[in-house]
Amino acid sequence: MAEAHQAVGFRSSLTSDGAEVELSAPVLQEIYLSGLRSWKRHLSRFGNDFLTGVFPASPLSWLFLFSTIQLSWFLQLDPSLGLMEKIKELLPDWGIRHHGLQGVLAAALFASCLWGALIFTLHVALRLLLSYHGWLLEPQGAMSSPTKTWMALVRIFSGRHPMLFSYQRSLPRQPVPSVQDTLRKYLESVQPVLSDEDFNRTMVLAQEFLRLQASLLQWYLWLKSWWASNYVSDWWEEFVYLRSRNPLMVNSNYYMMAARAGNAVHALLLYRHRLNRQEIPPTLLMGMRPLCSAQYEKIFNTTRVPGVQKDYIHHLHDSQHVAVFHRGRFFLVGTHSPNGLLSPRALEQQFQRILEDSSPACPHEEHLAALTAAPRGMWAEVRRSLKTQAAEALEAVEGAAFFVSLDSEPAGLTKEDPAASLDAYAHLLLAGRGHDRWFDKSFTLIVFSNGKLGLSVEHSWADCPISGHMWEFTLATECFQLGYSADGHCKGHPDPMLPWPRRLQWDLPDQIHPSISLALRGAKALSENIDCHVLPFSHFGKSFIRRCHLSSDSFIQITLQLAHFRDRGQFCLTYESAMTRLFLEGRTETVRSCTREACSFVRAMEDKEKTDPQCLTLFREAVDKHQALLKAAMSGQGADRHLFALYIVSRFLHLQSPFLAQVYSEQWQLSTSQIPVQQMHLFDVHNYPDYVSSGGGFGPADDHGYGVSYIFMGNDMITFHISSKKSSTKTDSHRLGQHIEDALLDVASLFQTGQHLKRRFRRTGEKDLRHKYGSLSSQTWGSKATMTSSDF
């Protein structure tokens, strides 16, 4: 999502102080610390490991094995081949009366050793099986005999009913690609956007890097890949996110849309409860290949704490309250009673009490949260000057399960001006008013006065599919499990004995008032500079693309190349985020979608002499190339994370590399991401379109670029979220949206099954916004559109 902006700007976070160190000691120390952090994480998960580390076996299997050994011993058979007798000899001599107990203890020890050896063997076998990626690289719809054999073996060794973290010990580590392959892929990716002269210069720099420096840097990465859990992910989190001194707002947060507020908090807490008990099943590709679940650990009770040079992520094991912001005031709302989690009706009662509280905000309290949208160094300095009362209030906010913002204004789709209201809704979720979101929290639940809601998510702790998984569960639970009573309230009964929400008091020292004012001005300027546009495309969706026998993601990516070329008249580096969670603690890799094949297709589409069959052939070639890049990225063979890690090592070693410096001087003028729908079993999008999220968006990675995210809503609709900066004279989100719509119809018309779409579009003209937004008005915001503040 928003990672492209951070990936571009991370070089500025590597100050000379952080790199001017002796030759190899710092990088060896950093590699050592990376491994140490990995082992600490393993130790902190000891409780989970005790429950899940024996998977695919179970504790009952130990009892079965022990009973079998005891029965064999009783029948005067020795399955241990004399080992139990040797174990008995090593045990203390307790006399003849305890000779039987000595035998039982020896059998238990032998059973435990045998059981552990079997589990270890299963883990090794499963890890070896999961290291196979041939299934991912095969053509769509085809499956070779080795892959069929692999699938059968994975099913045998995977066990049944896995918990969320059951597969963590069996996931392979992310491999370090060869430098030669990485440089080849990089040069191939930049050739379409460079002149011949610039490309030849880049190729010379790459060859020089390969000859002089690459082997040394690669050795350090190889060493780290063996010592730490992942050779790149912890550095990605630190240098791309936590060392960035830029404001989090727009730069490191993204938003998600939905509707209805009544039960959202309770549903989120139910998700946390299931998460803590590992009752959320792990995500499986093809129903059998597990993805890493490590990022789920920090969804709740997590805050990004600012530092002068570097932020750090503070995560609590548990939290029994949420922090609530309303009309410039902060409240602490308890989420549990002695009987457990508060009911939805009780939480509604607490929110209603806040809405009815008429006390004014304290001086500067109203705009205090603007500091979380300020440059990180400023916010870190302000924190140091907070007195006792303010520090305690800050601790309560940062220790909350999550942050809730009760906006006093309505938002969402309106019949009077659907396009403008939708864009304004997206803008409010991404940036707000600059002072009504706590951007440091892992996520902020934003509830508007008319019942519409959304999320603002901080990016450093996890990637979009994690928060998206939580959001899907929340919407489905709120709609189908919790529901509402006939009068619009949450089901159940209020609890008059509950203590009132506690108002947090901020005794802010005078010296920080100028900092708050400065932060507010900066946040408003940043917010006002962002242009957001939401494009609901309803002419066709995933079902049409499938009938064309193409990948839906690749279809959109190549179409975006056509739309962007029509918008800017040139090609540019394009960033698409792909997940690497096939590996332990994997996060993302970059797919560079602007390929030679894509450019050839775009030129053909703009050449009036080219026929539709010729364009269609080039389009299929571009889609196939994109699919190959995507699969390579997912299997750990992408170029960008490897280049990033090589660059970090070079900085630790204080080696100057003109090639790596050029790589990280590039600008991503088109940053893209697909928001996946991961839990189709939770709701049927065809029968219940009212309860589907319309996705979300993020800010552009470049001052003269675009940020584009998209989500397939069911089979017949695609929603695009487009952002750009108003200060740029080269970009316009609405203009790009129109080009995307035209490009989709032009590409669809290349297929015989899609030719009627363009004819119908030209006939109707698409001027009637009711056609464009009619289905989205229910799909995105639901049937609770008339909810008022009393329905919280």
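Which helix gives the most to the nonpolar patch? The answer is helix H12, spanning residues 214-227, which gives three residues to the patch, where helices (H or I, at least four residues) and strands (E, at least two) are DSSP runs numbered from the N terminus. The patch is formed on the surface by Leu 28, Trp 219, Trp 222 and Trp 226, with about 500 Å² of accessible area together. Patches are made of residues with over 30% relative accessible area and no salt bridge, like charges being joined within 9 Å and nonpolar side chains (Val, Leu, Ile, Met, Phe, Trp, Tyr) within 5 Å. Trp 222 lies in helix H12 and counts as partly exposed, because its relative accessibility is 46%; buried means under 20% relative accessible area, exposed over 50%, and partly exposed in between, with a 1.4 Å probe and protein chains only.

The model is predicted, so that local features need pLDDT of at least 70 and side-chain atom pairs count only at pLDDT 80 or more, whereas totals for chains, interfaces and linings use all residues. Residues are numbered from 1 along each chain as its sequence is written, and side-chain values use heavy atoms, with hydrogens and water left out.

The secondary structure of the protein chain comes to 29 helices and 20 strands, and of its 792 residues 59% count as buried. The chain exposes about 32900 Å², of which carbon and sulfur atoms supply 57%, as computed by the Shrake-Rupley method with a 1.4 Å probe, only the protein chains shown counting as cover for residues. Among contacts (heavy atoms within 4.5 Å) with a separation of 6 or more, 81% are accounted for by residues 24 or more positions apart.

In soluble globular proteins, nonpolar side chains tend to be buried together. A nonpolar core is here a set of buried Ala, Val, Leu, Ile, Met, Phe, Trp, Tyr and Cys residues joined through side-chain atoms within 4.5 Å. The largest such core has 53 residues, of which Ile 299, Phe 300, Val 324, Phe 402, Phe 443 and Leu 445 touch the most other members. Helix H14 (residues 264-276) gives the most to this core, with eight residues. A second, separate core of 45 residues includes Phe 537, Phe 555, Ile 556 and Ile 718.

In helix H17 (residues 388-398), the buried residues are Ala 390, Ala 393, Leu 394, Ala 396, Val 397 and Glu 398, and their cover includes strands E4 (302-305), E6 (321-326), E7 (329-334) and E10 (403-406), together with helix H16 (376-384).

Gln 349, in helix H15 (residues 344-356), is buried, because its relative accessible area is 10%. Leaving out residues up to four places away in sequence, Gln 349 touches Pro 494, Asp 495, Pro 496 and Leu 498, and its C-alpha lies 9.4 Å from that of Trp 500, 151 residues apart in sequence. By contrast, His 549, in the loop between helix H21 (542-547) and helix H22 (552-568), is exposed, because its relative accessible area is 67%. Beyond neighbours within four places in sequence, His 549 is in contact with Gln 140 and Arg 620.

Asp 531 lies in strand E14 (residues 530-537). Asp 531 is buried yet has no salt bridge, the nearest side chain of opposite charge, Lys 726, being 5.4 Å away; a salt bridge is a side-chain nitrogen of Lys or Arg within 4 Å of a carboxyl oxygen of Asp or Glu, and for charge Lys and Arg count as positive and Asp and Glu as negative, with His and the chain ends not counted.
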